[in-house]
4 protein chains.
Amino acid sequence: MDVGTGPAGRLGVAVVGMGGAVATTAAAGVELLRAGLASHAGLPLAAPDVRELAQRAGLVDYTALEFAGWDLTADDLAKAAEVHGVLDPVQHRAVAPALAAIRPWPGIGNPDFCRNVVGDHAVGGHGHRAAIAAITADLAAFRRDRGLERVVVINLASTERRVDPSAPVFADLAAFEAALDADDPAIGPAVLYAYAAITAGSPYANFTPSVAADVPAIVQLARERGVPVAGKDGKTGQTMLKTVLAAGLRQRALHVDGWFSTNLLGNRDGRALDDPDSLASKIDTKGSVLDDLLGYHVEDHVVNIAYYRPRGDAKEAWDNIDLTGFLGQRMQLKVNFLCRDSILAAPLVLEIARVLDAAHRRGEGGVAEQLGVFFKAPMTATLSGPVEHALHHQDAALRAWLAAGA
Amino acid sequence: MDVGTGPAGRLGVAVVGMGGAVATTAAAGVELLRAGLASHAGLPLAAPDVRELAQRAGLVDYTALEFAGWDLTADDLAKAAEVHGVLDPVQHRAVAPALAAIRPWPGIGNPDFCRNVVGDHAVGGHGHRAAIAAITADLAAFRRDRGLERVVVINLASTERRVDPSAPVFADLAAFEAALDADDPAIGPAVLYAYAAITAGSPYANFTPSVAADVPAIVQLARERGVPVAGKDGKTGQTMLKTVLAAGLRQRALHVDGWFSTNLLGNRDGRALDDPDSLASKIDTKGSVLDDLLGYHVEDHVVNIAYYRPRGDAKEAWDNIDLTGFLGQRMQLKVNFLCRDSILAAPLVLEIARVLDAAHRRGEGGVAEQLGVFFKAPMTATLSGPVEHALHHQDAALRAWLAAGA
Amino acid sequence: MDVGTGPAGRLGVAVVGMGGAVATTAAAGVELLRAGLASHAGLPLAAPDVRELAQRAGLVDYTALEFAGWDLTADDLAKAAEVHGVLDPVQHRAVAPALAAIRPWPGIGNPDFCRNVVGDHAVGGHGHRAAIAAITADLAAFRRDRGLERVVVINLASTERRVDPSAPVFADLAAFEAALDADDPAIGPAVLYAYAAITAGSPYANFTPSVAADVPAIVQLARERGVPVAGKDGKTGQTMLKTVLAAGLRQRALHVDGWFSTNLLGNRDGRALDDPDSLASKIDTKGSVLDDLLGYHVEDHVVNIAYYRPRGDAKEAWDNIDLTGFLGQRMQLKVNFLCRDSILAAPLVLEIARVLDAAHRRGEGGVAEQLGVFFKAPMTATLSGPVEHALHHQDAALRAWLAAGA
Amino acid sequence: MDVGTGPAGRLGVAVVGMGGAVATTAAAGVELLRAGLASHAGLPLAAPDVRELAQRAGLVDYTALEFAGWDLTADDLAKAAEVHGVLDPVQHRAVAPALAAIRPWPGIGNPDFCRNVVGDHAVGGHGHRAAIAAITADLAAFRRDRGLERVVVINLASTERRVDPSAPVFADLAAFEAALDADDPAIGPAVLYAYAAITAGSPYANFTPSVAADVPAIVQLARERGVPVAGKDGKTGQTMLKTVLAAGLRQRALHVDGWFSTNLLGNRDGRALDDPDSLASKIDTKGSVLDDLLGYHVEDHVVNIAYYRPRGDAKEAWDNIDLTGFLGQRMQLKVNFLCRDSILAAPLVLEIARVLDAAHRRGEGGVAEQLGVFFKAPMTATLSGPVEHALHHQDAALRAWLAAGA
């Protein structure tokens, strides 16, 4: 299967959290596609009814992507792939040499923001400005050493603790710059990466629930520099289904009395979420989706995430939905999704990178709203106002954007 | 809650299978709405975001509906409601007097078409023409006795055996009329009701999987008489969810390797489907939906329907979906819907009656495609060509039709 | 159905938490049995294969039970039954007069032990001795006013916070008495009720996870006074199934890699468990069962209990079990129990009362080990040593005890 | 882990259906145990609390087993293992050489008894006596060529169509011998293998639902020859859980109103059961279990088995149980077992072979009742009378038998 060669040149993808399961799967997936050992299953913009449109809209081919990135663990990606256990043995053997060549750059660690994931592979210097300088230097070296014209930065790191995005420090670019100079402790790694990427002219996407580009200061920077940003929190398993089901229940006017969601997660992300502070961030972005979709507040909407090791990366979601239908009669709907976290997430990462790059080439700076279909908490241009969560509407918006550039 | 009074005058709804659970629930629901004892939960066109549009489009109010109909069992509807056990005791007490006044007219029975539902309350005469005359007389008496300007006919009877809709006898109106005269055994009760209704100027909807209006001869008649027809097979529980989920899976390019659906059904419809011939009709309409939605053929699509008495009308559906995602990795999705058959179906019947009536007043004859959202096997104007099964597209089509008439 | 009249005389059952859902259901159940409006479904010792044995062993008939008890809410039981919504309307109407006559005595409240259940119907006095005196007076009045020879006390109150049963204050009777005199804050209401009951010659059972009779001091008292005690924590829904399934898995040598249990509970008990301290007690007694049954430690045994209101008393449990079988291959077992908390618990309460009474009449003091079948954390005579958790072995032990007294 | 060497000498296991998934897994498992590449997980008599007893009772070690057998497909077992996909790649590589050396002998085919499994590797001769002679010759060659003192025969072939075990032809040995001579068409392959095995002095077990040793003629033969026989229909997944759960529900006196069981099966056994005649045999043995365990007839006990390919050998069972508890209130229990058919079955086959061999050496002929724990329809010595289905009672019986010989 060939989805076309796309525009000339390769596209660098610099990942925050390069050693994690999602990033490793994304990089391995591109290698397997290059080797002709994987199909396009799971890649939304490679489906028969959209692939040609995507190509005409100027998206680079999947095989044009080149991965590098930061991590707090120094293992090369062949080792990381082994730890995460996402690939099957045949796949692992096929791509191990290519993955072994990818060794993460030292990451920006801050235990105050992510307690449960501590590594020994951190940037040496002190202070926010030193961290930004290190990120900038890594990006420059990536371009130079690999001969890349363009690099996109994507945050796939573990979830940070909850941060108030409306704090004064994030209110505008001037306040934020001053806070950087003062090493303000309210600024965590995710925001530093976003700031450094955009300053270096790299589009930035936040696939995690952490606060990063979704504050006025960073959006202002992105707009001023003409750099697109997207986020946040990849919509993969349970929430993706939630937005699909809730839209259907609304069409039939079935009233949702309660929605109880449990997640079993055994990979590194699950361990990070075992920290109540990180969990709070995650549940925040999951929570508002339902009310927005249904048009009313579901008081009994419960979301649990449990770190449960026997599954490793093979996530499981169990949802129970209590419904009231005609004549006040009650019904129940239960959904059990035995999924694979990284297998669902990695292809979305590839699509986001391709779309952000094309948007940048189109000269679009600021929030890339057309990417809402891939996020649990889609950013809007103004960081306020109503958010579209229905998957089919989001999909239509992405296709319209593709068509406009085709 | 008041959804508006709608156009002057009441609307008769003559139901084939008036004593069944769905029909009884629909009639009881209207009585409860009239008495202010039920909310609009479960009524798709009474939801806050569409109710005003529906009113402006000329739909009559729910409380303008008046029920009557045919059944092979003579019980009045208060008795039927007791048998089906759909209402709770308080609701039953409230509407029993009104329901007791509804006594089904004798039905057209034909054991060759529906073996498991045999009643003793059948029309006396012999032959197709006699049956049509009886139906016509019942409709005329309904209008006259209740002072109704307009009557809609809806088929809610048990599923008939499979019939070939492309048989010569259904090919055009002339052939069909000749077959009527010859008492052709290929013509079953459902088609006779459709023919009689349209001839009498009543819009006709087929909420069952039986072959009825979905043959060229009847569509030709409907077009010639300027009478709208709709169908077929109400999309209530499992299939409704299927069309919602499949659209979401397609957006994410998750390949469906197999879809296994089991239904537990303990009401009169379940008993009818205990006959393999009737079951075949049902599974037919369920089957094609999935392939159309996904854009490819799912070879391992299995649909079982089991008659299981402990639940009565409280249907249960269990679905297992095998998926292949990125890198060929496999996932499973399981859905368990503890629903109520009649509670899901009855409100759709009310909406269909209201829309057909408005379409008739707008002068629209032939297939009412805007009602596709309520059917498993939506009829198209030409009875061929691609069918839209995605709930959100179907919903958009209905809203567009409403807006055009508002 | 008649299970025999049993020994002469009625048996008083004084319940701690009389206004709760379980107690109300137990009292209502006895009234419905008396009125011939309920069958013996759900009563383990009324099953055809054991009822005669139970009668010969001297158990009083269910209809010989008379209920009274303490609660922090003053509502009579007809009101409580309405609040809890356990009875259907017909049942409620039938027993409302009898239930209305049961008005709880003021309870012993201590917000330090159970934060989320606060009532305004508490005993006035101060200090442990005053509380004991009030309980004793209530029991005496109950006997006198209702002409009861024998009274059993059963704790059905909401779960108290976790307490260390090996604290010095509970080590022996002398230490405990001294602590009572000193109003030691380590002593909570559950222990006070146990002490007062036994002192007054009433057998005592603890159906809750709270620490009560399961400390050396109280067992010593029970033995000295010749009064049987039993506990703790009724084995009703999820844990009952766990003990059944785990025994089966062990027979087949299927290794349990992980067991993830979630509970949805919307009644007053659920609200109490919304307090992390009370939850800790509950999870404690649930936790050890599995390891004991399997013969090895399951490190990934997770038990969640969520307060989820839409269900009221209709509890739901969802369990996922990860298994390794032959050749190291992995399997999963999922169990979804849509149960009713009080409907499962109340009949066990009736059986416990009947057995404790018979044990007392047989002259057995101390721990009634034969009642282990009804508890999540069965007490052993020495409060130490191995505990039998397999339901079928526990059942055999109870039958052997019955046979010994028949 | 070492469970002891057992008695001197190796034990031959001649399997009917040697190329099937269960047989291949059993043979591969013994090879992996020999190579130290598999643990004893899933082997009931290797569990810590019973292994020593089993050894003292004279059971041979698992590694003493040597496999051979008949099949209608000529593939060697390395090829069969690849087709069935039960082993993981590492396991397959390790045992492929050993498995490649096992080439099935031509089988006895009879399309009248098993339509959906047709092979081209059948015994040439015509008539029952020729078939028996071929089986006998194969067994003799097996002993001679491999130097085996003792050989056990186990039927693991696909399910045959339903046969009436009380037909005159099976009534006693004389009638049966006459029918053999007359090539009576009522005699299918399973019975021929049983007859030939016993005649050759080999213990025989029927792990399938087919009629084989469970007729008076064959039991008479087994008794006369002093050869033990066992069966029938291995109790692996759903039915094993059923016997565990039903016993628990009975203890709590929860009344089973209905039990709906669905199975998804994608291996060769599933294809065989796609034939209604074979399915009827299977459902027969599944059906009676429940009533026997509960002590009453469950009218709404439905068992469906569906051939669903996406899973291959990874079977799935979904059960729904409708319960009535105290005060007539209703509950539901749902069990979803994602299991592996051969992984559950193969270890039971090893245990059955070891126990039959020990029984034979103890001089026990006729029905080996102690093996009931491994069968859905345990044979009793008289082929009539009450059958024990409760797993824990069956387990106790097996342990008692082991202890008696230890």
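Reader: How many aromatic pairs does a search of the whole structure find?

Author: This is a predicted model. Over all chains, the search finds 34 aromatic pairs.

Reader: Which geometry do Trp70(B) and Trp105(B) have?

Author: Planes over 60 degrees apart count as edge-to-face. Trp70(B) and Trp105(B) are such a pair, with 75° between the planes and 4.9 Å centre to centre.

Reader: Which parts of chain B does the pair tie together?

Author: Trp70(B) belongs to strand 2 (residues 65-71) and Trp105(B) to strand 3 (residues 105-106), so the pair joins parts that lie 35 residues apart in sequence.

Reader: Are these two residues buried or exposed?

Author: Buried means under 20% relative accessible area. Trp70(B) has 1%, so it is buried. Trp105(B), at 17%, also counts as buried.

Reader: How should I read the rings of Phe260(C) and Trp318(C)?

Author: Their planes stand at 65° and their centres are 6.3 Å apart, so this pair is edge-to-face. The pair links distant parts of chain C: Phe260(C) is in strand 7 (residues 255-265) and Trp318(C) in strand 9 (residues 316-324), 58 residues apart. Phe260(C) is buried at 0% relative accessible area, and Trp318(C) is buried at 3%.

Reader: Which residues form one aromatic cluster?

Author: The cluster consists of Phe260(A), Tyr308(A) and Trp318(A) together with Phe260(C), Tyr308(C) and Trp318(C).

Reader: What lies over the face of Tyr62(A)?

Author: A charge over a ring is judged from the ring centre, within 6 Å for CZ of Arg. Arg354(A) lies over the face of Tyr62(A), 3.8 Å from the ring centre. In chain B, the charged end of Arg354(B) sits over the ring of Tyr62(B), at 3.8 Å from its centre.

Notes
Residues numbered from 1 in each chain as written. Chains lettered and ligands numbered in written order. Predicted model: local features only at pLDDT ≥ 70, side-chain atom pairs only at ≥ 80, totals over all residues. Heavy atoms only, no water. Phe/Tyr/Trp six-rings, centres within 6.5 Å; stacked < 30°, edge-to-face > 60°. Helix = DSSP H or I, 4+ residues; strand = E, 2+ residues; numbered from the N terminus. Buried < 20%, exposed > 50% of the residue type's maximum accessible area, 1.4 Å probe, protein only. Lys NZ or Arg CZ within 6 Å of the ring centre and 35° of its normal.
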